[in-house]
Amino acid sequence: MTFMNILVTGGAGFIGSHTCVALMQAGHQVIVADNLSNSKAETIDKIKQITGYDVTFYRVDVTEEETVDDIFAKHSIDGIIHFAGFKAVGESVEKPLAYYYNNIVSTMVLAKVSKKYNVNRFVFSSSATVYGENEVPFVETMELLPTTNPYGETKAISERILTDVSKSNPDFSVSLLRYFNPVGAHESGLIGEAPTGIPNNLMPYVTQVAKRKLDKLRVYGNDYPTVDGTGVRDYIHVMDLAEGHVAALNNLTEGVHIYNLGTGQGTSVLQLVKAFEEVNNIEVPYEIVERRPGDIAKCYADVSKARRELNWIAQRGIAEMCRDAWRFNTFAD
Ligand code: UD1
């Protein structure tokens, strides 16, 4: 295997930072471009602390073409993993233009500058949200159904842009990675998910309740056609997800390749809460409330393609996800 110089946009964020660790542990070098709009510079130091290697960091906005061009001019880049983007579903409904601009222009700028510098490996951070209300398990060959929000649309549109760029230039190799529900943290407890304000997603909310920063979890509906009536999701440990990126990069061949990165296992909200309480020996009070608009009953992956083509499979279970999410939270603040 050859070691590469990888530009990681959004490398200070939740999934980006864990992927930097996995890349460096696999022998690659990492250049991070992140505007820190939803992350902290300290995370870069933590990545260095975990790996023992240096990271080149640029605090920049990847929608700015000249800035991105400067980075490509300075470094011999072999590949890009593009994470940088806005990701709050509710906010995307309030601020559609900000989401379309930020998430799509960044993809276009990176694809354009890649072409100029003849960088032909591009891994894109997509989401299972692009499947919409398809039947589970979601398979990569499914026709994509409309998503319910601008955030989801930015992922679907970016996938299409990169697919068209690859068609026009067969040397341009693209991997579109559709993430299911990333949770957990690096086992060191040094990096993890630290959303600002009141969290939207389940695991960060659960950890805040466990810390007594929020009074109780509101479970959005218990009348779905699922095992216990609560929503079912495919939670994946963020380090498994990070290692999935390394596998995608190392196995990248010409053309466009789409992979689900999940575990293939569905877990309900109440099952996750119970696991969290048991593993961490802490109570998480909850109440059942109305369904959240836009939520689907079940979302989990068919993971056979990634296993077959990338030789990658998630290794960590729900207990490790709950343990590591809590460890990071008890280390932080
Ligand atoms: C959400 C986004 C999805 C995005 C993903 C990123 C929505 C509608 N979808 O997925 O587009 O890619 O995050 O990780 O926001 N739940 C509660 N109480 C809470 C929070 C969540 O009961 O306070 C339930 C939800 O109803 C759902 C499950 O927990 O059944 C998971 O929710 P969440 O963590 O927000 O993820 P998704 O909705 O799957």
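Mentor: In this predicted model, rings of Phe, Tyr and Trp count as a pair if their centres lie within 6.5 Å.

Trainee: How many aromatic pairs does this rule give?

Mentor: The cut-off applies to ring centres, taken within 6.5 Å. Ring pairs link Tyr 131, Phe 138 and Phe 180 into a cluster. By this rule the count is seven aromatic pairs.

Trainee: Is the pair of Phe 72 and Tyr 117 stacked, edge-to-face or tilted?

Mentor: Planes under 30 degrees apart count as stacked and those over 60 as edge-to-face. The centres of these two rings are 5.6 Å apart and the planes stand at 40°, so the pair is tilted.

Trainee: How many residues apart in sequence are the parts that this pair ties together?

Mentor: Phe 72 belongs to helix α3 (residues 65-74). Tyr 117 is in the loop between α5 (96-116) and β5 (121-127), so the parts tied together are apart in sequence by 45 residues.

Trainee: Which element gives the most to the shell around the ligand?

Mentor: The ligand is surrounded by 19 residues. A backbone N or O atom of Arg 218 lies 2.7 Å from a nitrogen atom of the ligand. The elements giving two or more residues to the shell are α7 (202-210) and β8 (217-220). With four residues, the element that gives the most is β8.

Note on methods:
Residues numbered from 1 in each chain as written. Predicted model: local features only at pLDDT ≥ 70, side-chain atom pairs only at ≥ 80, totals over all residues. Heavy atoms only, no water. Phe/Tyr/Trp six-rings, centres within 6.5 Å; stacked < 30°, edge-to-face > 60°. Near = heavy atom within 4 Å. Polar contact = N/O pair within 3.5 Å; in protein donor to acceptor, adjacent residues only side chain to side chain.
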